[in-house]
Amino acid sequence: MPESNLDLVRELMDRFNGDDREAVLELLSEDFVAEVPPSLSAEPDVYEGHEGARRYLRGFDGLLEDVRFEVLELHEEGEQVIAELVLKGRGAASGIEVAQRVAVTNWVERGKIAHMQPFPDLDAARKALGAVGE
């Protein structure tokens with residue numbers, strides 16, 4: 001198991017990029033929640049629990065191939081970790097390469113990722129964390 005929150009998020013991204021989708025779940029809490037807002041997706045949604053995480057990952061099937069989460073930088077913000085990353089893939093039908101840069105806030109509880117929320121950039125993620133702490 002990863003030793004720090006930074007290591008945990010780094011390991012999660014490595015597992016997202018691997019072939020074993022079930023390995024991702026080992027790092028997510030049972031009550032995991034991920035929120036994808038309309039500003040970052042044509043299909044915004046809330047993904048809850050391990051089944052929600054599976055549904056999120058299945059959402060790429062048939063649309064994007066070679067999906068990768070390329071970590072640019074990790075920032076420790078108290079107990080949270082913001083991962084600046086680029087979501088990359090290739091259109092399944094078109095073959096066109098796509099990339100979307102985001103900053104994903106990861107809330108860690110009891111050694112597992114409990115909540116993930118993407119933002120358009122690091123400033124927006126930090127601002128949201130500040131609002132949560134107030």
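Which side chain meets that of Arg15 in a salt bridge at 3.0 Å, N to O? I looked this up first in the model, which is predicted. The partner is Glu26. Arg15 sits in helix 1 and Glu26 in the loop between helix 2 and strand 1, so this pair ties together parts 11 residues apart in sequence. I noted Glu26 as partly exposed, at a relative accessible area of 47%.

I then checked Arg15 for another partner. Arg15 also forms a salt bridge with Glu11, with 2.8 Å between the closest N and O atoms. Both residues belong to helix 1 and lie four residues apart, about one turn of the helix. Glu11 is partly exposed, its relative accessible area being 27%.

Next I turned to the strands. Lys88 forms a salt bridge with Glu70, and their closest N and O atoms are 2.7 Å apart. This pair links distant parts of the chain, since Lys88 is in strand 4 (residues 80–91) and Glu70 in strand 3 (residues 64–77), 18 residues apart. Lys88 counts as partly exposed at 34% relative accessibility. Glu70 is partly exposed, with a relative accessible area of 34%.

A network of them links Glu22, Glu51, Arg54 and Arg58.

Last, I looked at helix 3. In this helix, residues 49–58, I found Gly49, His50, Gly52, Ala53 and Leu57 buried. They cover an arc of only 160° around the axis, which puts them on the same side of helix 3. What covers these buried residues includes helix 1 (5–16), helix 2 (21–25), strand 1 (28–36) and strand 2 (45–48).

Terms used:
Residues are numbered from 1 along each chain as its sequence is written. This is a predicted model: local features need pLDDT of at least 70, side-chain atom pairs count only at pLDDT 80 or more; totals for chains, interfaces and linings use all residues. Side-chain values use heavy atoms; hydrogens and water are left out. Buried means under 20% relative accessible area, exposed over 50%, partly exposed in between (1.4 Å probe, protein chains only). Helices (H or I, at least four residues) and strands (E, at least two) are DSSP runs, numbered from the N terminus. The arc is that of the directions from the helix axis to the C-beta atoms. Contact means heavy atoms within 4.5 Å. A salt bridge is a side-chain nitrogen of Lys or Arg within 4 Å of a carboxyl oxygen of Asp or Glu.
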